[in-house]
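Here are my notes on this model. Please read them with the coordinates open.

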Amino acid sequence: MILTLKEYKDYKNIASTNQDTELLKVIPAVNQTITSYCNRTFVDYYASDKTEYFDATLEDYFPKEFPIVSVTSIKYSSNNDGVYDTDLNQYTDWVIDDEYSRIVAVNNYFVSSPVPFNSGQLIYKGGYEHLPEDITLAAVHLAEYYLEEGYTPRKSLAGASVDNVIIPDKTARMPAHVRRILEHYRACEL
């Protein structure tokens with residue numbers, strides 16, 4: 001979970017329960033928006049394994065949950081039958097590049113496979129033990145934005161002007177300053 005009601009109220013120094021009902025609707029939307037936008041969960045796989053599949057003919061692989069805490073195993077399926085029966089070994093077949101939170105194939109590819117799609121299986125731990133403060137800050141600002149309905153265009157009564165025009169893209173419902181924070185944590189989509 002990225003933001004809780006208590007965290008929001010503590011950050012904003014709110015003791016009243018007047019907005020709790022509305023906040024309890026907005027906060028799950030904020031959490032989902034950030035998780036979807038960044039394509040990761042941040043803390044869910046810090047202490048438990050996550051399994052991802054990748055093209056084993058790649059020269060490097062960027063796991064969604066980063067930074068990488070540890071790698072349990074990397075295997076591949078030679079015929080893409082869903083059975084990952086061949087172990088790849090650290091330092092012989094792959095290494096972890098901590099600077100870029102990626103796993104790099106030693107020989108410019110993990111394996112030479114005739115069936116590359118989802119032929120590699122990565123089981124690892126990654127993410128953060130504690131959510132970075134700037135993510136919490138972004139979540140608070142996004143909750144405020146939703147509470148104030150900043151994404152809704154304002155029209156004058158005479159109909160002569162429209163403020164806050166929404167540009168139709170997938171990030172239109174997110175303020176630019178929040179988006180700038182989240183860009184640093186966004187996982188690659190392959």
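1. Which residues are buried in α3? Ile135, Thr136, Ala138, Ala139, Val140, Leu142, Ala143, Glu144, Tyr145, Tyr146 and Leu147 are. Buried means under 20% relative accessible area, exposed over 50%, partly exposed in between (1.4 Å probe, protein chains only).

2. This is a predicted model: local features need pLDDT of at least 70, side-chain atom pairs count only at pLDDT 80 or more, and totals for chains, interfaces and linings use all residues. Numbering starts from 1 along each chain as its sequence is written, and side-chain values use heavy atoms, without hydrogens or water.

3. Helix α3 is mostly covered, with 11 of its 15 residues buried. Those buried residues pack against α1 (5–12), α2 (20–38) and α4 (176–183); contact means heavy atoms within 4.5 Å. Helices (H or I, at least four residues) and strands (E, at least two) are DSSP runs, numbered from the N terminus.

4. The length of α3 (residues 133–147) checks out: at 1.5 Å a residue, its 15 residues should span 21 Å, and the end C-alpha atoms are 21 Å apart. The expected span is 1.5 Å times one less than the number of residues. Glu149 follows α3 and has a positive phi, near 55°.

5. Three strands make an open antiparallel sheet, ordered β2-β6-β5. β2 (60–61) and β5 (94–97) are the edges, each with a single partner strand, so one side of each lacks a neighbour in the sheet. Strands pair if DSSP finds at least two bridges between them.

6. Two bridges join β2 to β6 (residues 102–105). Tyr61 stands opposite Ile103.

7. β5 and β6 pair over four bridges. Asp97 has Arg102 as its bridge partner. Their hairpin has four residues between the strands, and Ser101 there takes a positive phi near 50°.
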